[in-house]
Structure formats: C-alpha cells, structure tokens
Amino acid sequence: MMTQHLQAMLESQPHHPSAQEVIRRCVAACLDSSAVCTSCADACLSEKNVADMVYCIRLDLDCADICTATGRVVGRLTKPNKAAMAGILQACIAACEACAAECEKHAGMHAHCRVCAEACRDCAKACQALLDVMP
C-alpha cells in the first residue's frame, strides 16, 4: 500500500517536522489526485462525445501534472523554501478547484468525473491544511 510506504519513508528521514502527519496526508492526496485525474482524462477519451470533454481532459491532465509536482516537492522534508512551497500548494489548490468544478458538470453522466471531482476536492483541502500550518 502506497501510504504505508510513504509514511515509513517520511518517518525514516532525519528531519521530523511538527506537521509530519499533515505533510503525509498532503503528499498522499496529491499523488492520489494525480492518478485519478490521469485516469479520468483517459476515461473521457472513451466517451462518445469526446469533443464535449476536451476542456475536462485538459484540466484533468494539467491537474495531474501539478498534483504530481506538488506531492514530490512537499515530500522533500529537508530545508524547504517557504515561498516556493506556498506557491506550489496554492497552484495545486487552484488546479484542483478548477478540475473539480469542471468534472462536477459531467458527474451526473460520468461516474469517473464524480470520482475525480471528489479526489480533487480532497487534495485541495489537504494542500490548504498544510498551508494553514506552515510557519
């Protein structure tokens, strides 16, 4: 299970920030959202009216890339640059909120969009929680 390994890795590092659990949840949510957004984009490509899904696909892919980058940056515990960390968390929140809003428009017809919107909302909350505890 990925979160088990992630937790073990964070615990094994010499630097133990006070917000370690918030960091772990953020990294896990980012990586989960990245995978879900990528899968949603793929599912959108299989829909009958792909042309209607172009913007959703674009946001899915943008969000997946931003979530991946955010998860990787947040998971580096040694001497983070606070301005860069805050910036990437804010970018991830913005990407997740945009993706969730678009996916919610399609959620009634496409279950993959409903799941994606939920994952994006969870990721945005996890990123905000980390922003909220940053000194």
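Helix 2 and helix 4 sit oblique to each other, a label for angles that are not under 35 degrees (roughly parallel), not over 145 (roughly antiparallel) and not from 65 to 115 (roughly perpendicular). The model is a predicted one, in which local features need pLDDT of at least 70 and side-chain atom pairs count only at pLDDT 80 or more, while totals for chains, interfaces and linings use all residues. Residues are numbered from 1 along each chain as its sequence is written, and side-chain values use heavy atoms, with hydrogens and water left out.

Back to that first pair. Helix 2 covers residues 20-45 and helix 4 covers residues 82-106; their axes come within 12 Å and cross at roughly 40 degrees. Helices here are DSSP runs (H or I, at least four residues), numbered from the N terminus. Axes are lines fitted to C-alpha atoms, for helices over the stretch in contact, and angles run from 0 to 180 degrees between N-to-C directions. The crossing of helix 2 with helix 4 is left-handed, a term for a near helix turned anticlockwise from the far one by less than a right angle. On the helix 2 side, the residues that meet helix 4 are C26, C30, S33, C37 and C40, and their partners in helix 4 are L89, C92, C96, C99 and C103. Contact here means heavy atoms within 4.5 Å. By class, this contact of helix 2 with helix 4 has 9 nonpolar, 1 polar and no charged residues. For these classes, Ala, Val, Leu, Ile, Met, Phe, Trp, Tyr, Cys and Pro count as nonpolar, Asp, Glu, Lys and Arg as charged, and the others, Gly among them, as polar.

Next come the cysteines. The count of disulfides is 0, with a disulfide taken as a pair of cysteine sulfur atoms within 2.5 Å. C37 is in no disulfide, and its nearest cysteine sulfur, that of C120, lies 3.5 Å away. C103 is in no disulfide either; for C103 the nearest cysteine sulfur belongs to C56, 3.6 Å away. Are these two cysteines buried or exposed? C37 is buried, with a relative accessible area of 0%, and C103 is buried too, with a value of 0%. Buried stands for under 20% relative accessible area, exposed for over 50%, and partly exposed for what lies in between (1.4 Å probe, protein chains only).

Helix 2 has other packing partners to look at. With helix 3 (residues 54-74), helix 2 packs at an angle of about 155 degrees, the axes being 8 Å apart. Helix 2 and helix 3 are therefore roughly antiparallel to each other, and their crossing is left-handed. The contact of helix 2 with helix 3 has 17 nonpolar, 6 polar and 1 charged residues. Helix 5 (residues 111-133) also packs against helix 2, at an angle of about 155 degrees and with the axes 8 Å apart. This makes helix 2 and helix 5 roughly antiparallel to each other, again with a left-handed crossing. By class, the contact of helix 2 with helix 5 has 21 nonpolar, 2 polar and 3 charged residues.

L31 is found in helix 2 and, at 29% relative accessibility, counts as partly exposed. L31 and C123 are 92 residues apart in sequence, yet their C-alpha atoms are 8.8 Å apart in space. D62 has its place in helix 3 and is partly exposed, with a relative accessible area of 27%. From D62 to R114 there are 52 residues along the chain, and the C-alpha atoms are separated by 18 Å. A94, in helix 4, counts as partly exposed at 45% relative accessibility.

K79 is exposed, with a relative accessible area of 78%. The phi angle of K79 is near 45 degrees, a positive value in a residue other than glycine.

Note on methods:
Helix = DSSP H or I, 4+ residues; strand = E, 2+ residues; numbered from the N terminus.
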